[in-house]
Amino acid sequence: VENTTIADCEVHGLFLMGSGATGSRISNSTFFDNGSAGIMSSFCDSVAIDTCDINDNYYGIYYSSSEIAKAKKCELKDNSCDGIRVSNSDPCDIEWCFIENSGQNGVYYSQSSGEIQNSKIWKNDINGVLCSGSQSDPIIGHSKIEQNFVGIKSINGACPILGQYWMVGNNSIYNQQWFVYGSTSYTIMAENNWWGTGPGETPNPAKFRGLVDHTPWLTSDPVIYLMPQRQSMAKVFSLRQNYPNPVGVAGTTAIRYDIPDDNQKVSLKIYDVAGRRIKTLVDKNHSAGSFTVLWDGRNDHGNRVASGIYFCRLTMGKEIVTKKIVLLR
């Protein structure tokens, strides 16, 4: 699955089930406003999700009983439960992902292992990373975990590895109620990470719960290259064909477009066959990236327009690209 938008499904946006889905690849696609998971992978192995926007679902990505899973260069925002949930899967690796504003956890490993590398996990309502169960021992390195309520929480015998001797570490974990919330019966290794302290400063012990070995620590942020967020999936200026097309009665269609450079004056407008502007969807100085907007078949006055052929025109400077939309009433 590539270059695809899937939205407004009652359950999952994309459901991969069983050995027939083993080896699936999903790339450069958008999943939003689905009732359960944007992408659900269950009992199938070697599923790779690359460079996708997965926003405003219940779960962003849900791997269940799957092996050798990988999410890479994905952006997961505003999912109402977890950004990525991993259950009974081994391993599940998360690389170069941005996970933010989840209603509960950025990442939830339940009886699962894997690695989190070079990712930013922030502004999630409860935990940045939650690990549950004795099989949950993900390795976390070179990642920024901040502005969650708890950075990393371990329950039910889980033991994530944040830094031990020469292995991993180099995380930025700071600016939240607790940095690491662990058990009182075993030690979470968290050496060589940055806790928001400068030279000569000691990490605040009140930010650690349970047994956490955070000595030695770093005195400067090792992952500032993750700031700001991923700038762009887009390489060229483009307008994708809307989906669905034709658009049915009282339907809504998704229009995806790509802007390769920051601070560009961009407009996205709908015209009828006579060239009259019907609806302005975008008209602003735009950041770079891949974006999706919805058109509900209404004009600028909020009235539904008649059946027929319409044209969607994307403009950036002297560049113009147009796609045809068929509206059926």
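Biologist: In what order do the 6 strands of the open sheet come?

Modeller: The order is β3-β6-β9-β12-β15-β18, with parallel pairing. Strands here are DSSP E runs of at least two residues, numbered from the N terminus, and two strands pair if DSSP finds at least two bridges between them. Bear in mind that this is a predicted model: local features need pLDDT of at least 70, side-chain atom pairs count only at pLDDT 80 or more, and totals for chains, interfaces and linings use all residues. Residues are numbered from 1 along each chain as its sequence is written, and side-chain values use heavy atoms, leaving out hydrogens and water.

Biologist: Which strands are at the edges?

Modeller: β3 (25-27) and β18 (139-141), each pairing on one side only.

Biologist: And by how much are neighbouring strands turned against each other?

Modeller: By 5° on average, direction ignored. The axes are lines fitted to C-alpha atoms, with angles running from 0 to 180 degrees between N-to-C directions.

Biologist: How many bridges join β6 to β9?

Modeller: There are 3, between residues 48-50 of β6 and residues 69-72 of β9. In that pairing, D50 stands opposite K72 in β9.

Biologist: Switching to aromatics: how many pairs are there?

Modeller: The structure holds 10 aromatic pairs. Rings of Phe, Tyr and Trp (its six-membered ring) pair if their centres lie within 6.5 Å; planes under 30 degrees apart count as stacked, over 60 as edge-to-face and the rest as tilted.

Biologist: Why is the pair of W295 and Y310 edge-to-face?

Modeller: Because their planes are at 70°, with the ring centres 6.0 Å apart. W295 is in strand β30 (residues 289-295) and Y310 in strand β31 (residues 308-316), so the pair links parts of the chain 15 residues apart.

Biologist: Are those two buried or exposed?

Modeller: Both W295 and Y310 are buried, where buried means under 20% relative accessible area, exposed over 50%, and partly exposed in between (1.4 Å probe, protein chains only).

Biologist: Which residues do ring pairs link into a cluster?

Modeller: Y58, Y59 and Y62.

Biologist: Where does E191 sit, then?

Modeller: E191 is in the loop between β23 (187-189) and β24 (208-209). The relative accessible area of E191 is 9%, so E191 counts as buried.

Biologist: And how far is E191 from L162?

Modeller: They are 6.9 Å apart in space, C-alpha to C-alpha, and 29 residues apart in sequence.

Biologist: Last one: why does F15 count as partly exposed?

Modeller: Because its relative accessibility is 46%. F15 is in strand β2 (residues 14-17).

Notes:
Helix = DSSP H or I, 4+ residues; strand = E, 2+ residues; numbered from the N terminus.
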